[in-house]
Amino acid sequence: MVDDKTVRYIAALARLHIEAADEGKFARELEAILHYVEKLGVLDVTAVKPTSHVLDVENVFRDDAVKPGLSQEQALAFSVDKLNGSYKVPRVIE
Amino acid sequence: MTTFETVIGLEVHLQLKTKTKIFCGCRNEFGHEPNTNVCPVCLGLPGTLPVLNRQVLLDGVKVGLALNCTINNFVKFDRKNYFYPDLPKGYQISQFDLPIARQGYLDIVVDGTSKRIGITRAHLEEDAGKLVHDAVNNGSLVDYNRTGTPLVEIVSEPDLRSAQEAYEYLTALKLTLSYLGVSDCDMEKGSLRCDANVSIRPVGQEKLGTKTELKNLNSFSALKRAVEFEVTRQTGVILSGGQVVQETLLWNDDQGAAVAMRSKEQAHDYRYFPEPDLVPFTLEANQVQLLREGLPELPYVKLARFMARYGLNHYDAFILVQDQGLASFFEVCVKAHADAKKVANWLIGPLMKEMNERKKSFIGMSLTPQAMVAIIQKVETGVISNVIGKEVLALVLDTGKAVDAIIEEKGLAQVSDDEALGKVVDDIIAANPAAVAEIKGGKTGAIGFLVGQALKKMQGKANPKKINEILSRRLQDV
């Protein structure tokens, strides 16, 4: 059962701002999605090996060899704010 | 009054020193300008895909094997989701339910008693970037050079029962890991990092108490002090009728106190799920066997062997195995010089003194076993005195010249020539009539004083035995 509290918790984890008035709507929608997925529960999967990947590919490696990356200028070109070669972000500790 | 038992588990992060990062080809090095060892993969730019560095997997297996773990033959990676500016993707690629290694142990010795500490698991993951908070007062600065540095996280069972046991475990773990050559294992530089989970419970109680996690333990002494602090704090809370709150505490070593992390973040719910961008990995049994056979002799095995084979005491053997290079050097020297105890004394004494003065491990010293053995033999055969031997050692390390050449160039050879020494002894006798009178009066203790004076005059280059002989002869004649 997805309630308003769960919606607020998920929104907080995902850093989403949700208006209090919309909480009920999201709760119903999430509930519907979960119900839909629950349909899979009727299948007997006891003999199926847990699958984390659908591709039948394993052991894809790279060698431990250096490849050129980005310059500092290129790297920081994406930033909203920067200082002394670093990305500047809102203060994260008090 | 209730007596409490301390329960500690440690989480240790080890940075691997592969050439490149775990999932991209950026250099895995420190000390560069901020954001210069970065690429679209480690910056988490859209459309990029991680590819595992083969060496990281192999090094991870070595760590697992050295800690007596079972190696999982099927491993996968998972996403650990959280938002923090040091994590550009919004998730850390880690391992959740199929880590590379599980169920190992490490033996430690506390107060002379051996104790086996369980290792729950060791898994691979990527390091986060570095945040600097002090440079600006209205924000934090982020450097992503460290992002994607390969880490092995080693989680112990809650088997440790005191700050001292935690300290011994970390010491044994660091020494063992240092032999593998996969990491610098340097706590000061952050290549070995330690968090401690601490709780207390009444003695006899099975159920674990509520734990707190101590972070920012940047040295062995910090670990010990932080655990002692936290045990005292939790005991106080419980005895005053309160309850320990599960929280993360940041240790401040200068203040000797831990404070709850005041982060704007809320409680973490990592929502692990399989990393879709990385395929799973299988390890063949013969591949693991090859890695097992390729492991060096580990320090505690070596220690026991040094005691049994060379008759060293625990103290000497323990010091030698602290430095893998020094331990190997010892064995080569012993092949050329059978007196193992004497060789050990030279290495632990004069050589380690030189290493400490130069702030170097043995690897950084240019010393051949031939030179070391030559110095020991020159002292044994009386060519040079013990004191001069130490001087020659320093000169060999400074100049890289041969032992014989140094002794000859600097005129350090011991003078054993009767005539030259006789002259010195005569001078000393003439200059110290009081001491001579004492000896004549039966107080033979003053002989030592005169020998000392003669050696001093010869700047350590006189053969003390010869001086003694000549002095005794001359005194009979006086």
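Buried area is the accessible area, taken with a 1.4 Å probe, that two parts lose on being put together, summed over both. By that definition, chain B and chain A bury about 4200 Å² between them, 57% of it on carbon and sulfur atoms. Please note that this is a predicted model, in which local features need pLDDT of at least 70 and side-chain atom pairs count only at pLDDT 80 or more, while totals for chains, interfaces and linings use all residues. Residues are numbered from 1 along each chain as its sequence is written, chains are lettered from A and ligands numbered from 1 in the order in which they are written, and side-chain values use heavy atoms, with hydrogens and water left out.

Contact means heavy atoms within 4.5 Å; on this basis, 56 residues of chain B touch 37 residues of chain A.

How many salt bridges cross this interface? The rule, a side-chain nitrogen of Lys or Arg within 4 Å of a carboxyl oxygen of Asp or Glu, finds one. Its partners are Arg54(B) and Asp63(A), at 3.6 Å from N to O.

Next, the strands, which are DSSP E runs of at least two residues, numbered from the N terminus. Strand β3 of chain A, residues 86-90, runs antiparallel to β10(B) and is joined to it by four bridges; strands count as paired if DSSP finds at least two bridges between them. Within β10(B), Ser140(B) is the bridge partner of Val89(A).
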